[in-house]
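Welcome, and please open the structure in your viewer. We will go from stop to stop, selecting a few elements at a time.

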Amino acid sequence: MADSFLFIIAEGVLEKLGSLALREFFLAWGLETEVETIREILGAIQAVLLEAEQQRPHNHAIEFWLGKLQDVLYDAEDVVDEFECEALRRKVVKSGNATRRMGHKLKKIRETVDEIVALKSKFGLTERIFDRHVIHRKKEMTHSFVDACNVIGREQARDNIIEMLVQFVDGENVSVIPIVGIGGLGKTTLAKLVYNDQRVISNFEMKLWVCVSDVFELEKVIIKILNSASPCQRYMDLDIDQLQIALREALDGTKYFLILDDVWSEDPRKWLELKTLLMGGANGSKIVITTRSKRVAEIMGTVSAHNLSLLPHQDCLSLFFKCACRGQQEKQNPNLKRIGEEIVRKCKGVPLAVITLGSLLYSVTDEREWEFIRDNEIWKLEQKEDDILPALRLSYEHLPSYLKRCFVYCSIFPKDYEFTELQLVYLWMANGLIESSNENQELEDVGMRYFKELCSRCFFEDFSEGARGIVNCKMHDLMHDLALSISRNECSVVMTSTQQIPKSVRHIFFPYPKSLSDQDLPTSLQIPQTVRTISFLNRTRGWICSERFIKTCCLRFPYLRVLDLAFLEFQILPKRIGDLKHLKYLSLYGNCLINRLPNSICKLQSLQVLILTLCYKLQELPKDIQHMINLRWLTITTKQKYLPTGGIGCLKALRFLFISWCDNLEYLFEDMQGLKKLRSLAITYCRSLKSLPQSIKCLTALDTLRIDACKNLDFTMEEGEDNQCLTQFSLQKLVLIDLPKLAEFPEWLIRGSTNSLKVMRIGECDNLRELPRCLQNMSSLSELQIIGCPQLNNDPI
């Protein structure tokens, strides 16, 4: 084993204690002796953690000791973070007695750590130097998408299934074809091959794709099918009777092809309820399901299941070297080819294992690194049928330590949950998982680099680009299982029947409630006070949430870093929200009831993310928003006619600003020049917006600008000496869509971006007559997309 999970936590605490800013703080308050003692004790503990982790499965006393150690490490991190919060608070308000109280907490932490380290002598643990064996890869391997997803060896399986899809089956207007196989065999990949094959596309009137996952609830599955059929429609507000009518109408008389991916439920009643609604399709309609369960295939299938076999050894070799060497390096180095063949045999025909290890070794030419993978002790562990594949465990063990906690944190997401790169990076930041030793290096850039490296090692999959150019992706089920197996009960899903949550839990997820009333969170439910994340991770609008629950969050959980209330609906955010001084991520996305935020929210000096998108009834932003000095990502929907100066323009830390669905908004704030670090600005669906402020020209760090569906926006700006500043853009991406008043392309918009602009997309600008004159001089432009601009001059540029 490389770094143990506890070793990484301890290392994070040590790094925080040693940071320059906090060292000066500790020195000023006479706490440097306490801090140095804690650092020495933690160093001593780290030295024995490797052996302790190895003995853990066989020694209950060590298991208990490590559990206590983990708790105290997190407690120490909480106290250190309190000092960081206090340092931020003092930039806004005068100091009080907080430091004295925190000094007492630090002393208590030192005493507790001292007691725990004294216990280690009972176990006879040997001090060791950690062997941090990390696979080192060439620096150019920093992009997200490795060319490792080309399918090899499944052509015959694809053709067999397609033959079943296109042939007529007498007596069955809708046939169900199961694809069955163990995790990691590529069932979903095969289904995608079939789904996108031209023979299938031409044979059906409608194609539908639904990821069912491990929760088979009729209402949710119907909504997913309807969303696949008509993505622009809204089905969230319909009851189950309205939904079943809508589904039957959508499929009635239509020859459709539906894929139900990743089905787990073995309850035949649930399938029969859905099947009844799906039988109205025209003759020849087909359904393909993918599942690990033969029982599911027996219940749902109307024809014999296609049992997906292990990938033949030769195909595994081709796939492995395609991932590891682009098919070239093994020809130059016969030893690598030999070692690679031995590694592939240990993968036992599972494509996910082959791809994972091949990607792990991409661009690695040192034979010793390949031998280390081949000879690792993990291969010798006894594997049960449902165990995590050794190859996946190996891929985790050989991550750099800074990536391990980032990956494990992803276990908070439910299976098959689609998240964005930006969301993930800011969740990591909120939990202190991203550190930068270089003050000139943006934390967002470090986080994006982490994300890309995990992508390149195949920890994430199913990539797509969202509306704002942000990447969406998922985790494979087995990768999710791996993250859960490592997190050691740090994450918990709270059901209505849950009565108690272990003290080790730091991250809590509530899955899709029908409503969250007072009764759904009884006072008897014991949630640890030290919880750091409370999230609903909702993708569904309209869940009603009691204000008492939100107040409970503010009162009972002072160490919250993340409070994600997306799509929950409540009218009042309690004033006590301002007491959550550790809070760094707050989402009220999709709350259609809340109309005002308490000004106390501006006491959250640690807050980095505030998401208010689709809060349609929000009357205005809090008046003291300028005090939120650490805010880096702000998304807003508001009923205001204008955004005043002295507010958003004072948020000097802001990097991402998204303004959307503000129907009344006519003018933006005039002091944009204060946003010196703003990198991305999106203004969308602000139909009343009349103009942009002159100060927008001063956004020198802006690299992405998107303006979409602003029907009344006039881009004309006066040029001359009276301008607040000259245009100094260095844009990399510019997107202009559905802007009917855009007639002549404003030169000021891309002045200064001639050598930097890489992507320009223009669409549905009905009155645009000409493109910018400097377009032909843009040496960096790699993508130019122009759609639906009928007045555009067709003369060559």
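A residue counts as buried under 20% relative accessible area, as exposed over 50%, and as partly exposed in between (1.4 Å probe, protein chains only). Helices (H or I, at least four residues) and strands (E, at least two) are DSSP runs, numbered from the N terminus. This is a predicted model, in which local features need pLDDT of at least 70 and side-chain atom pairs count only at pLDDT 80 or more, while totals for chains, interfaces and linings use all residues. Residues are numbered from 1 along each chain as its sequence is written, and side-chain values use heavy atoms, leaving out hydrogens and water.

**First stop: the sheet.** Select strand S2, residues 206-213: 6 of its 8 residues are buried. Two strands pair if DSSP finds at least two bridges between them. Look for Leu208 facing its bridge partner Leu258 in S3, and for Cys211 with its partner Asp261. Widen the view to the open sheet of 5 strands, ordered S2-S3-S4-S1-S5 with parallel pairing. S2 and S5 (306-307) are the edge strands, each pairing on one side only.

**Next stop: a helix pair.** Select H16 (residues 351-360) and H18 (residues 390-397), whose axes come within 8 Å and cross at roughly 25°. Axes are lines fitted to C-alpha atoms, for helices over the stretch in contact (heavy atoms within 4.5 Å), and angles run from 0 to 180 degrees between N-to-C directions. Among the residues making the contact are Leu352 and Leu357 of H16, and Leu392 and Ser395 of H18.
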